[in-house]
Amino acid sequence: MASKELIEEVGKYIDKYYEPGTDDIKMDDEMKSIFDKITSFRKKRQKQQEALVEQEAVSCAPTEFDVGSMKKTKITKEMSQTMATNRNIDDLMSQMEETFSERLLRMIDERGLTDSQVYTKANVDRRHFSKIRKDVNYAPNKKTVLAFTIALELSLDEAKDLLRSAGFALSRSSKTDIIVAYFLQNKIYDMFEINDVLYAYGQPVFG
């Protein structure tokens, strides 16, 4: 049973963030985050390459050298850097392009959880989960996705990623979204407690 203090605290959180008719998708910020990661990676690789060049310059004998060999080495290193950068971009892009089913199953595997552990905590029945697993393009409703963000004990950013993969976003015009966001942000993943608070604010519960 949720305590009176917790319900009041959630109420303050709702008062602070609830804005009827306003969505908080922030797609531009999320895309910027991807670009920042790519930029950071490229700068890191550039520094590594410069350090290697300096190291080779020190170790090379000053009296004789093969210009053709130097050119070949430089080209090889540049190709290696480009390939590594492309692989990193591909990894980021592939995660952006994941369907809900693909992202959900990956998150389950990464956490070392079993399917039953996750769908039981999310109050999703086995047959429903089986459909999600079998259909890579399965389109869940928003409530189901929110339930999985709790069952997987995601951070707020991870939850937004999972929601986006299903075509949803956390919205400031939804008290349910704000309440779930509160619990995710505070790393509280007790479904019974979350349902108590949802019920106290007249919102539909999970399960």
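Is Glu98 buried or exposed? With a relative accessibility of 12%, Glu98 counts as buried. Keep in mind that this is a predicted model.

- Glu98 pairs up with Arg106 in a salt bridge, and their closest N and O atoms sit 2.7 Å apart.

**The Lys121–Glu153 bridge**
- Lys121 and Glu153 join their side chains in a salt bridge, at 3.0 Å from N to O.
- Lys121 belongs to helix α5 (residues 115-121) while Glu153 is in the loop between α7 and α8, so this pair ties together parts that are 32 residues apart in sequence.

**Inside helix α8**
- Asp161 and Arg164 make a salt bridge too, with 3.1 Å between the closest N and O atoms.
- These two are three residues apart in helix α8, so about one helical turn separates them.
- Asp161 is partly exposed, with a relative accessible area of 25%, and Arg164 is also partly exposed, at 24%.
- Back to Glu98: salt bridges with shared partners link Glu98, Arg103, Arg106 and Glu110 into one network.

**Thr144 in helix α7**
- Thr144 sits in helix α7, which covers residues 142-151.
- Its relative accessible area is 9%, so Thr144 is buried, the cut-off being under 20%.
- Beyond the neighbours within four places in sequence, Thr144 is in contact with Val124 and His128.

Key:
Residues numbered from 1 in each chain as written. Predicted model: local features only at pLDDT ≥ 70, side-chain atom pairs only at ≥ 80, totals over all residues. Heavy atoms only, no water. Helix = DSSP H or I, 4+ residues; strand = E, 2+ residues; numbered from the N terminus. Buried < 20%, exposed > 50% of the residue type's maximum accessible area, 1.4 Å probe, protein only. Contact = heavy atoms within 4.5 Å. Salt bridge = Lys/Arg side-chain N within 4 Å of Asp/Glu carboxyl O.
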